[in-house]
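Hi everyone, thanks for coming. Please have a look at the sequence and the structure on the screen while I talk.

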Amino acid sequence: LALAGWNYVTAHRPVSERLAQDARNEKVSVWAYHQYGVMPSVLVIDLRRVNADAAAVDVLRALFQSAQSHKSRRFDKVVLAHRGAPKFQLDGAFYAQLGNEFGKQTPVYTNRTFPQKVRRLDGTPAYETWTGGMLGVLAKQMEDVNQFARDWFIADLAAQGDVR
């Protein structure tokens, strides 16, 4: 019971309170907790529900607002899970950067460059860092945003018939 309370107060409540401030977040449900309930250096952002009318940008906004709610905290890493299943990880310093820049940095920039910072669970990069001409880079980055959404939650929802 003490561990549950500690997880609630230190991990979940800040996220829940921040997401409640934005009515657009009603389309998603996020749980935040320390890995295995006992590792304060590893935060899990667990996407529990995504409404059928939610877009990838809605989920990313909720993730970025979650980071904003923890901007005074430091984690070694942040695991991105979907319905309890770990999918990806972020470096804790990058998660802190997301939280500090949310509301200051252009949302389009944050969205399109986000996937290049995402890591597989083994720590290897999940997506490319693109270089070259601006239009080509922008196109590839946006493809990666869409692929990230498919990889994190859309494929699971489609397999379970939760996507219309």
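I'll go through the salt bridges, then the pocket, and finish with one asparagine.

A quick word on the source: this is a predicted model, where local features need pLDDT of at least 70, side-chain atom pairs count only at pLDDT 80 or more, and totals for chains, interfaces and linings use all residues. Residues are numbered from 1 along each chain as its sequence is written, and side-chain values use heavy atoms, with hydrogens and water left out.

So, how many salt bridges does a search of the whole structure find? There are 8, a salt bridge being a side-chain nitrogen of Lys or Arg within 4 Å of a carboxyl oxygen of Asp or Glu.

Take Arg61 and Asp58, whose side chains meet at 3.1 Å, N to O. They sit 3 residues apart in helix 2, which puts about one helical turn between them. Helices, by the way, are DSSP runs of H or I with at least four residues, strands are runs of E with at least two, and both are numbered from the N terminus. Are Arg61 and Asp58 buried or exposed? Both are buried; buried means under 20% relative accessible area, exposed over 50%, and partly exposed in between, using a 1.4 Å probe and protein chains only. These two also belong to a salt-bridge network with Asp22, Arg24 and Lys27.

Next, Asp156 pairs with Lys87, with the closest N and O atoms 2.8 Å apart. Asp156 is in helix 5 (residues 134-159) and Lys87 in strand 4 (residues 85-91), so this bridge ties together parts that are 69 residues apart in sequence. Lys87 is partly exposed, at 22%.

Arg48 and Asp46 make another bridge, at 2.9 Å, N to O. Here Asp46 is buried at 0% relative accessibility, whereas Arg48 is partly exposed at 26%.

Now the pocket. Arg24 and Arg61 turn up again here, among the residues lining the largest pocket, as do Phe64, Leu98 and Glu101. By class, that lining has 5 nonpolar, 4 polar and 3 charged residues; Ala, Val, Leu, Ile, Met, Phe, Trp, Tyr, Cys and Pro count as nonpolar, Asp, Glu, Lys and Arg as charged, and the others, Gly among them, as polar. For the pocket itself, think of a 1 Å grid over the protein atoms alone: a pocket is an open set of points where a 1.4 Å probe fits, with protein on both sides within 12 Å along at least five of seven lines, and lining residues have an atom within 4 Å of a point.

Last, Asn7 in helix 1 (residues 2-20) is buried, at 9% relative accessibility.
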